[in-house]
Amino acid sequence: MTDVVTLTGNRGLDLEEKLIFEQDKAGRTAVDLPEPERHDNRLGPARRTRPIGLPGLSEPQVVRHYVRMSRNNYAIDAGIYPLGSCTMKHNPRLNEKMARQPGLADIHPLQPQGTVQGAFALMHELAHWLAELTGMPAVALSPAAGAHGELTGLMAIRSALEARGDARRVVLVPESAHGTNPASAHMCGYEIESVAATARGRVDLAAMKARLAPDVAAVMITNPNTCGLFEDDMAEISAAVHAAGAFVYCDGANFNAIVGRVRPGDLGIDAMHLNLHKTFSTPHGGGGPGAGPVTLSKALAPFAPLPYVVREGEGFRLVEQAGETGAHPYGRMKGFHGQFGVFVRALSYMMSMGSDGLRQASADAVLNANYLRARLQGTMSLSYEGPCMHEVLFDDHFLADTGVSTLDFAKAMIDEGVHPMTMYFPLIVHGAFLIEPTETEGRASLDLLADLMLGLAKRAKAKEVAFFKDSPKLAPRRRLDETRAARNPVLRWMPPAPKAAAE
Amino acid sequence: MRYLPLTDEDRTSMLATVGVESVDALYRGVPKAALLDRPVDLPPHGGEIEVERRICALAAQNIGASTAPFFLGAGNYFHHIPATVDHLIQRSEYLTSYTPYQPEISQGTLQALFEFQTQVALITGMEIANASMYDGATACAEAAMMACRVTRRHRVVLSGGLHPHYRDVTATNVKFMSLDISALAPDANGTEDAAVTIDDHTACVVVQNPDVFGRVRDYSNLGAACRAKGALLVVVVTEIVSLGALMPPGDMGADIVAAEGQSLGNPMSFGGPHVGLFAVREKFLRQMPGRLCGETVDTDGKRGWVLTLSTREQHIRREKATSNICTNSGLCALAFTIHLTLLGEAGFTRLAAINHARASTLAKKLGAVPGVVLLNETFFNEFTLRLPRPASPIVDTLAARGILAGVPVVRLFPDQRDLANLLLVSATEMTTDDDMDRLVAALGEVLK
């Protein structure tokens, strides 16, 4: 079937689409706008005097362009998307409808505060839900995504330390951490030291305790961690860190496993970001936008960045500058007040799920991952024994001597009509398969994934190497040459050189 | 609960497969003291009708731009979004996909990003652009940090015409790096000469066009001064529609352009999510932050796209990465590129011309109100007025009359009481003659 050659390059419903620049006809537009009125030109001398080079298309062409292209994307709406540490759960359309309501989508962040009291009430309500769910007293809403939240939380930690005249230099980061953790700590001016993992896939408590000298500012822990395991020494880690005068930062990317069941504040966490686009169902949109509010302990609360909403009498007030009693904001992380449109979606999800639904969601997420673990562990190589949280980690030992890699395996999954799991992360196991089904997959969908992975494992063990190396065969594209893309970067379309220039 | 497919029967049989009695057994690693045995103290789940009522009740407490004469800008603008944009970005394939880590099944997102990068490069007059940042302010901070890496210098000069949020976000971002910020005084009169501030340690000068007071600037001379002293010129654009009428920053000698793209395709949404644009000269490619989409071929030789040059990024380089950014503004970038594709060259330049014409008409009308002085010689779609009295109470009074009159400059520069009488006013293609007449009449009455 792959050797069918068509005249157009299309393959049935699988359609090829040119770039917009290759469909250009000068002067054409898909937006009818009136003539500008007669007016005094006040642009001054720095006006545009040359063409831009944007292509002209009509509305039907534009619609068709993006619809045809969209067919080349996999999506959670189309099937299971078990990317570990990404929490690709169902994105409810009610959230989209709510974010588009007049009074929410069409308000400006600098309107008089009396005209946007409902927006402040919504932000306050969201912060209340996050504070209750984490057991932490303060919430900084403005960070735009998880990594941005990490930096926000670390800056609060550094500000708190500097406020007491404590110039510590080092942040400890477990070797299983997301790459954003050390990158954020570096942007906060810290040196990064790695903490080893135990054979159980947890932070090595003894090694960490041994390193807790007065130069350590903070420890960054992901809990549940990126191996899909709960850090069962968390309370002891926090106690040791606090005893050493340092702070505990928690990467909350995996909060979906424990929401409504475990409150990080009860485990001694000082700062934690929550990815609203993971745990709280807002769409990832092919790469964003996200939102990464940071919950803060009592010790860090005074150091939250600007701006923030406070209740005042019957209404709310946005604090935009330093000078409030008891507050020592270290600055501003983002233009305006944060990812408000994402806040609306997340609150819509939380209100839909409620305290009971969120608690059931985490239970189902953990059950689903453990069900996949149970179904796969006899065939694939489980990295760590025991129950997992919301994601399960395998390594590539079961592929030893087969000639098939984790990447090959993933590409064969594509032909089976599912999105592969996270590959080669975390770095502490060889050839990682990190599988996170989420609670919004039913049993049939889990069985489909398990069955096809078992089937592929069988083919791998039968050393059908060519089959795997040749995958995917049925996707809109075969394997793409990433080396070529990096070696000779082509990052934009360029008009073809005029023919005459060749002579 | 409508989002959860498992039935109790499923749960029971799956627990049997797992080999445990209850879900609680799966949480056995959690210390008992930290394990909640009941739901947290929050309301229980609600159906669509109930959730809609609760959120719409909050929305109803706000006055939106769709229902009132509206003149705010200052980095966030009220523009028309074609119906096609919002329809297309809600297609499941775009809305509910992740970052394109598996390019063979993500070509839709990747091709759109490649087109986005090309469009951003074209309108800014730069060689290349990345696949987006969080917003304009964070893009500005990243530009300053990148300039320091490129030049191996540590001093960043921020113009007094730069939006104060951009200034503050940049200063906050570098607060704990060994970099120095020189923020120049607010340039309400347009007299600043940033060139004289450049010394041997200066990595870059960050300016804005049009500046935060609305003035259109030509930074060509400043660009030359920067080059002469080995510093970079960073140009910030907070109103991207202006590039349909103004000389692009690349033509002025910009080395990095950091811009806010909200005006195309994205609602104001109370300030976010928006889309940061980041464009540079090609020679600085490897110091760029953020994701890049690049063209390549598959094993059959067919053209396709992948995320590329990821050795700059955190998931490969960890603390040595050019930035910690991971998630960016993918869907907002898609809205931006769809809107700009709909407009095309003819529509984009026409949209810019209408914005300028509307603002020019409004400026003339407001300048005729007794006691009101227009400060700007030049502007695009936003300008600064000097009122005879402090602007904030006047704006509040007008809001009580149902008119959202603009942004008092002290809201942006709270420490500058000498700017108390200044008001930033913006007009776009959404501003009607009736809106203008109502503002002019009401302002005249309030100032009487």
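Reader: How are H11(B) and H13(B) oriented relative to each other?
Author: The axes of helix H11 (residues 391-400) and helix H13 (residues 433-447) of chain B come within 11 Å and cross at roughly 125°. Helices here are DSSP runs of H or I with at least four residues, strands are runs of E with at least two, and both are numbered from the N terminus; axes are lines fitted to C-alpha atoms, for helices over the stretch in contact, with angles from 0 to 180 degrees between N-to-C directions. Angles under 35 degrees count as roughly parallel, over 145 as roughly antiparallel, 65 to 115 as roughly perpendicular and the rest as oblique. H11(B) and H13(B) are therefore oblique.

Reader: What pLDDT do local features of this predicted model need?
Author: Residues are numbered from 1 along each chain as its sequence is written, while chains are lettered from A and ligands numbered from 1 in the order in which they are written. Totals for chains, interfaces and linings use all residues and side-chain atom pairs count only at pLDDT 80 or more, whereas local features of this predicted model need a pLDDT of at least 70.

Reader: Which residues of H13(B) make the contact with H11(B)?
Author: Residues are in contact if their C-beta atoms, placed from the backbone, lie within 7 Å. H11(B) contributes Ile394(B), Thr397(B) and Leu398(B). The partners from H13(B) are Ala442(B), Leu443(B) and Val446(B).

Reader: In what order do the seven strands of the open sheet of chain A stand?
Author: Two strands pair if DSSP finds at least two bridges between them, and the pairing in this sheet is mixed. The edge strands, each pairing on one side only, are E1 (138-140) and E3 (191-195) of chain A. The twist averages 25° from one strand to the next. The order is E1-E7-E6-E5-E4-E2-E3.

Reader: Which residue in E6(A) stands opposite Tyr249(A)?
Author: Strand E5 (residues 247-251) and strand E6 (residues 271-273) of chain A pair in the parallel sense over three bridges. Opposite Tyr249(A) stands Ala271(A).

Reader: How far apart are the C-alpha centres of domain 1 and domain 2 of chain A?
Author: The bounds, from an automatic or database domain assignment, are 94-350 for domain 1 and 356-487 for domain 2. Contact joins 18 residues of domain 1 to 18 residues of domain 2. The C-alpha centres lie apart by 30 Å.

Reader: Which helix gives the most to the side of chain B that touches chain A?
Author: The contact takes 168 residues from chain B and 174 residues from chain A. With 23 residues, the helix that gives the most to the side of chain B is H10 (residues 330-367).

Terms used. Two residues are in contact if their C-beta atoms, placed from the backbone, lie within 7 Å.
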